[in-house]
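Biologist: I would like to learn how to read the features of a model like this one. Please start with charged side chains.

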Amino acid sequence: MKIIIKIGTSSLSKEDGAININIIQELVKTIYKLMSQGHDVLLVTSGAVGCGKSLIKKANDMSIHLKDDAFSKKETYSTVEKTVLSGMGQGRLLSYYAHEFEKTGLLVEQVLIAGEKDINNSFFNDNIDVCFKIGIVPIINANDTVYDKELVENANKRFSDNDILAAELAHSIRADVLILITNVSGYIDENNKVVSEIRYEEIDEFIANTKKSVSLGGTGGMHSKLSTCKIAGCNTYIIHNSQICNIDLLLRGERIGTKIIVG
């Protein structure tokens, strides 16, 4: 089975914005278990900007010298400043994953995606196939450091968030399952109850009744997650990060979070 797991910034971050290593460790253990069971797993991870922010906030404590000391004390950042933070944080984020995966005996490949053209070609798919064949974990994130203008000029449409990126990847590699890890227990209805199943023909109705919102530190939200299901072309699960350890049970039919049934 080809499985894509996407984890958002809110699930990876502590309250102070720093990366939660315990979550990464739990995710790595789960992916190792899934691969040991014969599944192919691709990981889409957010968190680079948050990781960069954490680094810059600690600049003084780390004896790092900045020409503009005020930058480390800012509360909000412009779009281009966020691309710098992303570029800073991406290497640190990958190092966390690589370290934990190596402890289980697995290697990782980093793939930064600028836009749709990057995944809708045979070479990209060949790359992922080789990873699956030899047992390497592809870790994918958006390449935030490239300019929007360049993306438009090259007709390389940028992904609005990693939920959409994960769905496009699921479609491109013909994944069997897409799992979206978030900081809520699934789709919550007006009675504050988790909706356990949503059928494909019901998605538009649920989208229409869902407010557009984003999680703290992230760019997605439940509206975005529901929209991804129409793109992915496979069954999609929305689960809380506390359920990472139960993903293998979920795949065996246990009801966890919200399942969007495509086929």
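Modeller: A salt bridge is a side-chain nitrogen of Lys or Arg within 4 Å of a carboxyl oxygen of Asp or Glu. Side chains of opposite charge can pair when their charged atoms come close. Here Arg252 and Asp248 form such a bridge, with 3.8 Å from N to O. The model is predicted, so local features need pLDDT of at least 70 and side-chain atom pairs count only at pLDDT 80 or more, while totals for chains, interfaces and linings use all residues. Residues are numbered from 1 along each chain as its sequence is written, and side-chain values use heavy atoms, with hydrogens and water left out.

Biologist: How many salt bridges does the rule give, and which residues are linked with Arg252 in a network?

Modeller: The count is 9 salt bridges. Lys33, Asp248 and Arg252 are linked in a network. Within it, the side chain of Lys33 meets that of Asp248 at 3.8 Å, N to O. Lys33 belongs to helix H2 (residues 21–36) and Asp248 to helix H11 (residues 247–251), so this pair ties together parts 215 residues apart in sequence. Helices here are DSSP runs of H or I with at least four residues, strands are runs of E with at least two, and both are numbered from the N terminus.

Biologist: Which of these residues are buried and which are exposed?

Modeller: Buried means under 20% relative accessible area, exposed means over 50%, and partly exposed lies in between (1.4 Å probe, protein chains only). Asp248 is buried at 10%, Lys33 is partly exposed at 35%, and Arg252 is exposed at 59%. Another salt bridge joins Glu201 and Arg199, whose closest N and O atoms are 3.6 Å apart. Glu201 is exposed, with 61%, and Arg199 is partly exposed, with 41%.

Biologist: Now helix packing. At what angle do H6 and H8 cross?

Modeller: Axes are lines fitted to C-alpha atoms, for helices over the stretch in contact, and angles run from 0 to 180 degrees between N-to-C directions. Angles under 35 degrees count as roughly parallel, over 145 as roughly antiparallel, 65 to 115 as roughly perpendicular and the rest as oblique. The axes of H6 (residues 122–134) and H8 (residues 162–173) cross at roughly 85° and come within 11 Å. H6 is therefore roughly perpendicular to H8.

Biologist: Which residues make that contact?

Modeller: Contact means heavy atoms within 4.5 Å. H6 contributes Phe124, Asn125, Ile128 and Phe132, and H8 contributes Leu169, Ser172 and Ile173. These residues divide into 5 nonpolar, 2 polar and no charged. In that scheme Ala, Val, Leu, Ile, Met, Phe, Trp, Tyr, Cys and Pro are nonpolar, Asp, Glu, Lys and Arg are charged, and the others, Gly among them, are polar.

Biologist: What else is Leu169 in contact with?

Modeller: Leaving aside neighbours within four places in sequence, Leu169 touches Ile4, Leu42, Val44, Ile119, Phe124 and Ile140. The C-alpha atoms of Leu169 and Leu42 are separated by 9.3 Å, although the two are 127 residues apart along the chain. Leu169 is buried, with a relative accessible area of 0%.

Biologist: How many helices and strands are in the protein chain?

Modeller: The protein chain has 11 helices and 8 strands. Of its 263 residues, 49% are buried.
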